[in-house]
Amino acid sequence: MIQRLHLIAILLIASQSAFASPCQFESQGEGRVTAIDARSLRLDDGREIRLTGIEPTATTKQALTSLLVGRDVILRSADDTPDRYGRQGALVFVGESDISVQAMLLAQGDAIVSAEIADKDCAAALMASEAEARRQKKGSWADPSAIKNAESPDDILAGIGRFVVVEGKVLSVRQAGAMTYLNFGRNWTRGFAVTISKRMVPAFESAGIALKSLENKRIRVRGWAEGNTGPRIDIRLVGQIELLGANEPTGVRP
């Protein structure tokens, strides 16, 4: 009963915003949830479902367990092709709700947007859910270190191999061969940088973003932290980069 009341409260809060309403893709089946981990869930028919659109935080598994164990869900996605691990990627909806579980997790600060959703309206809705949680410092966003400072490369290096969110000012934009580098530090070897391959440039141009125009701009970037001497994030999706307005509050620690 407590779990049910908890779920109803979340649905009522979420329904007051239009966070997830654009994400109504074609139904890819349904089932009852029998098991959960931080990235996926298993249904009673044996299917393993990967939660698309989000990356987990330390609290994702617990939040999912409260929301989904033993419940009937509907899967929605533009494509039901399994990934290399045999998992079916989908947005997950409880019963007849039009609010995705992903949007609920993001609104509670229990997940991070992965930027993998190609549909612009759905991607914007998920990002809005996360942004609201950031503003209210909910869940993982209550931790001052949840957003890394681009001027502190050692903090980013500590997250190597993990999905991280970084904010900072792009000091220079340089091209070397087929790669464009957004440099956040004066020392190109040690400082944090974002790498963008030549094949990604048309996607940025279609989105109205000239890479050179990002110089001296504040941005928020998300992705998998890589590197040895200096940390890097490789951009594979345009949505991994957000341009921050001059007056937009920053999540970077003072």
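In helix α3, the residues Val101, Gln102, Ala103, Met104, Leu105, Leu106 and Gln108 are buried, where buried means under 20% relative accessible area, exposed over 50% and partly exposed in between, with a 1.4 Å probe and protein chains only. Seven of the eight residues of α3 are buried, so the helix is largely enclosed by the rest of the structure. The model is predicted: local features need pLDDT of at least 70, side-chain atom pairs count only at pLDDT 80 or more, and totals for chains, interfaces and linings use all residues. Residues are numbered from 1 along each chain as its sequence is written, and side-chain values use heavy atoms, with hydrogens and water left out.

Helices (H or I, at least four residues) and strands (E, at least two) are DSSP runs, numbered from the N terminus. Helix α3 (residues 101-108) lies across β3 and β6 (88-94), running at about 75° to β6; axes are lines fitted to C-alpha atoms, for helices over the stretch in contact (heavy atoms within 4.5 Å), and angles run from 0 to 180 degrees between N-to-C directions. After α3 comes Gly109, with a positive phi near 75°.

Strands β3 and β6 belong to a barrel, which five strands close in the order β1-β2-β3-β6-β5 with mixed pairing; two strands pair if DSSP finds at least two bridges between them. Neighbouring strands of this sheet are turned by 55° against each other on average, direction ignored. Strands β2 (residues 40-43) and β3 (residues 48-51) run antiparallel and are joined by three bridges. Here Leu41 stands opposite Ile49 in β3.

The chain as a whole has six helices and 15 strands, and 46% of its 254 residues are buried.
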